[in-house]
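I opened the notebook to look up some local features.

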Amino acid sequence: MRLLSAGLPSSARHLLEVFPPNPASPSLKSASSLSTPPGAGGWSPADSDHYQWLQVDFGSRKQLSAVGTQGRYSSSDWVTQYRMLYSDTGRNWKPYHQDGNIWAFPGNTNSDSVVRHDLQHPVIARYVRIVPLDWNGEGQIGLRIEVYGCSYWADVINFDGHVVLPYRFRNKKMKTLKDVISLKFKTSESEGVIFHGEGQQGDYITLELKKAKLVLNLNLGSNQLGSIYGHTSVMTGSLLDDHHWHSIIIERHGRNINLTLDRHMQHFRTNGEFDYLDLDYEITFGGMPFSGKPSSNSRKNFKGCMESINYNGNNITDLAKRKKLEPSNMVRAFSCVEPHTVPVFFNATSYLEVPGRPSQDLFSVSFLFRTWNPSGLLVFSNFADDLGNVEIDINEGKVSVHINVTLVKKNRIDISSGSGLNDGQWHEVRFLAKENFAVLTIDGDEASAVRTNSPLQVKTGEKYFFGGCPRPHQHSLFQHSFQGCMQFIHVDDQLVDLHAVEQGQLGSFANVTIDMCAIIDRCVPNHCEHGGKCTQTWDSFKCTCDGTGYSGATCHNSIYELSCEAYKHLGKTSNYYWIDPDGSGALGPLKVYCNMTEDKVWTTVYHDLQMQTSVGGNSLEKLPVLQLNYSATMDQISAITSSAEYCEQFISYSCKMSRLLNTPEGNPYTWWVGKANEKHYYWGGSGPGIQKCACGIERNCTDPKYYCNCDADYKQWRKDTGMLSYKEHLPVSQIVVGDVDRPGSEAKISVGPVRCQGDRNYWNAASFVTSSSYLHFSTFQGETSADISFYFKTSASDGVFLENLGNTDFIKLDRPFSAYLTWPDLVSFSFDVGNGPVEIVVRSPNQLNDDQWHRVHAERNVKQASLQVDQLPLEVRKAPTEGHTRLELYSQLYVGAAGGQRGFLGCIRSLRMNGVTLDLEERAKVTPGVKPGCSGHCTSYGIYCANGGKCVEKYNGYSCDCSKTAYDGPFCIKDVGAFFEEGMWLRYNFHSPGTSMKDLVSRTLLSSADPEITVPDLSLNKEELSFSFSTTKAPCVLLYISSYTQDFMAVLVKPSGNLQIRYSLGGTKEPYNIDVDHRNMANGQPHTVNVTRNGRDIVLQVSCRLSGSMTCRYSTPFSFPGCHICKHGDCSGV
């Protein structure tokens, strides 16, 4: 090992050449390596600033796996944070990336201890450059470094964009079910075909670059009729024209494809129905073959380098090097030709100042740039002799030129061109100005160049500023500095020598990095979930979730409820609703019909098959197949059936000389296909494994010798119908009909929608009865996106809901990922992904230990973390722009307890993590101290039982008992009423306990289903009466209540249409009448009457609907005897 200076001051930058004694040594040590003997010191430049670096040359490419650092021996000099750059050539540097960011390694805290970092992914490079970012404030930069790795070797082929490399098949044709193709490439071109193969039957496979992204086009076969369309195109990656190595692996098995680019794998299935890839003659690398399709001739060949090309076990690069390919002289360069470009990287505080040729009458600049920011200053220069200045900037994705002219009245000339130039691609800008003329050209498109002939006098100045200015210029319109990269900078038709600028020989600069473009595509991989659209600036990205059905910073949270059951408990009524059965999971939302007229909610999913679809007239060679297309995918329906308590689907087979199951012992003629494409040979009303129809189960078939009515083969129409209720087999996706090929054979098929009842996930609960009890589940997988939601109820003041620990090297606290109740009115959510602990707290204005159900929703993604309790405002913490983003956990998930903390006492239900419901009940059945289910639902949901309905506790929820009310429905809000014709009446008998009698009804409209009616709590001291009516008939009796004595009560409409209440309570000769004279009640409008009596105190309330817009309420309290009456009305808008 020896220390070399690269012609630079030794106090500034250093280059180290390393010659390991053993080429396979796992440790590649520099001259300033760790554990240096006393006196050896280490690297410490004379100037400690941000322009210092230490470079190591390993002599050849190595595979690097770790880096370790120490401070300078026995000193106060050490580096606390640094970046690592790497390169194959000592030019065109690439910063080490981790978690989607340019990584900053934590350094040392003293001069002696060793801090080692294992790289998240190996780096292959010959050169490594360490750039200190921060150091000990009481000393200066000091560093000893050790790099760990091993040898690396690979054959390289250079492609010049003209010559391609063919691999010709021995048998001239290649028919494969499986393929594995792998290679590495690097290029500075954004377009080019990497490899291509095709067959005469229309099969093809092409891998190419388009706009610096990787595109795989594949077709396993199509037919001429167009019913089978096999073309499949998949795009991945971004910014692949950076002239750094990228790795590709394509693995195909039939229609299943794994496409891996730089360790990021994408799985997909090809279109069509074929599994084999049929290629003819050859597959070519580096471009299209000369005999390719004419439509493909416009595609550019690949220009760059490839290595380690492997096609189905054949090492193509090795065969080419040994001249085993035909023709053997196609490839002549087996080393990589490097481009001569020198990029320069600008951040938000950068500028680059270069000299021009002053006092020229022609102003000319050109350059290439790439950025994600829509706006930023590109170039600024003052004319000589105070003639004005020129400013070029990018503004809202366009390049604009502003020429400030001081010698004419119109003192500014503005021109602009281009659009969407902040797309991360390289774009060329050329601007030329001379007397009374200027032209702006973007991307060499002369046809769209923008010109102006405004009065203009040009005399070039001495300095040109790129990317920004040393300080904001008073004449500059645009003050935002440029963030991005530039290359091929020309000033006054001269290429700027950026290496001379870097070495201080030309111009000046601040906060720029020369020979590196550190652009990052923050939308690849796309963190916007569920089809959210990703847009970005240089520092961040944004997800647009419009039209996806999801919301949040990364479109993670569904905007719809999980089930019809959830809508019911929001007070919704029967209707069509969008539901999302797996919440934030991969399944999208679907539209279903929610029937909420019963205690259990029915969820209905429809299909497009018409009822009584006729089938007939086909041959046995091709059986008729009826396909059912649902309004949801099979996976979505499966999510509904899996969580439901019960599912059913009606199915019917009407037949005339068409046998169904061919019972009792024959092979079925007709069958249906259910979930997972499984065939089923039972029919509605029967069950799996029973080749019978409903009549066979009930033993009432038309012909007892058969188990289906249709199997008797009658010439008259017969029918076999019933419900399919084995939900693991539902839904019906196909019906194959067999016996319809004979003369006179006919069949008609009817299939109803899928109907499912209940939602086990919504009420899946566990009760924690001791503070030391907990449930455990497998490790939670939520590296970049995690959400947790659940309901809880408790009377305890604190306790941990759940916890999951991570690796000690990665997680900083013993409670890195948890949610817990710390005070009666406070919920806390904390986690640590390696950047330090983060805690989010929500404080409720009311105590949360009130034994009521409360909902908690916590989420953490790469952009932010949030916590919400009930309907309280969402608490949000933004994620840092740099640092760790992956949540790596290793322990089991604990629910109800955490290490060193008080456990949770109470109930937790409907616990979902990333869309998956954890089965608390099943785990609680085998866990001491935890009970399945939870009682006390009525304490939270009893308010939904309206109109006097009684809340009834159930094991997995509650129901409303409406039997003592005049209402029906799940919440006792549906009126129970009837239409009375003149002369009709209904009699209802009350009687004392122990007696029984039947209703006596004359021309009865309604009658009780029970023959005996007992009223155990009959009281004669008070009553409450409530009913509604509408009529146009006056006079009429609305209601009459008699007793065993002479007492009675009556409600009637007088001939005038006024309402009258008559009471006889004994002690008076005449009944007491209460007249409501305010309005005509026989006006056909609905009116509500409420009478409450307690002893001799009576309160009367009457509500009447006025014409269209008002409700009028009257209230009359009075007492017997004496009858002090106070009537009043209260009218309010509705």
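I started with Cys1036. Its relative accessibility is 18%, so Cys1036 counts as buried. My cut-offs: buried means under 20% relative accessible area, exposed means over 50%, and partly exposed lies in between, with a 1.4 Å probe and protein chains only. Cys150 is at 34% relative accessibility and therefore counts as partly exposed.

**Ground rules.** I noted that this is a predicted model, where local features need pLDDT of at least 70, side-chain atom pairs count only at pLDDT 80 or more, and totals for chains, interfaces and linings use all residues. Residues are numbered from 1 along each chain as its sequence is written, and side-chain values use heavy atoms, with hydrogens and water left out.

**Whole chain.** I found 7 helices and 79 strands. These are DSSP runs numbered from the N terminus: helices are H or I with at least four residues, strands are E with at least two. The chain has 1134 residues, and 51% of them count as buried. I then looked up contacts, meaning heavy atoms within 4.5 Å. Of the contacts with a separation of 6 or more, 65% are between residues 24 or more positions apart. The accessible surface is about 53700 Å², and carbon and sulfur atoms hold 49% of it. That area comes from the Shrake-Rupley method with a 1.4 Å probe.

**Record check.** UniProt, in an unreviewed entry, places "domain: EGF-like" at residues 519-556 and 935-973. Such annotations may be inferred rather than shown by experiment. I looked at residues 519-556: the end C-alpha atoms lie 27 Å apart, and the span is 0% helix and 26% strand.

Strands E19 (residues 246-253) and E20 (residues 256-261) pair antiparallel over 6 bridges. I count two strands as paired if DSSP finds at least two bridges between them. His253 has Asn256 of E20 as its bridge partner. This hairpin has 2 residues between the strands, and Gly254 takes a positive phi near 65°. E20 also runs antiparallel to E21 (residues 264-269), joined by 6 bridges. Here Asn256 stands opposite Arg269. The hairpin of E20 and E21 has 2 residues between the strands as well, with Asp262 at a positive phi near 50°.

**Disulfides.** How many disulfides does the rule give? I take a pair of cysteine sulfur atoms within 2.5 Å as a disulfide, and the count comes to 14.

I picked Cys564 and Cys594, joined with S to S at 2.0 Å. The torsion about their S-S bond is about -70°, so this disulfide is left-handed. Cys564 lies in helix H3 (residues 564-568) and Cys594 in strand E43 (residues 590-595), so the pair ties together parts 30 residues apart in sequence. Cys564 and Cys594 are buried.

Next came Cys695 and Cys701, also joined at 2.0 Å. Their S-S torsion is about 85°, so the link is right-handed. Cys695 and Cys701 are buried.

Cys938 and Cys951 are joined at 1.9 Å. With -85° about the S-S bond, this link is left-handed. Cys938 is in helix H7 (residues 938-941) and Cys951 in strand E67 (residues 950-954), so the pair ties together parts 13 residues apart in sequence. Both cysteines are buried.

**Thr603.** Is Thr603 buried or exposed? Its relative accessible area is 9%, so Thr603 is buried. Leaving aside neighbours within four places in sequence, its contacts include Cys564, Ile579, Tyr593 and Cys756.
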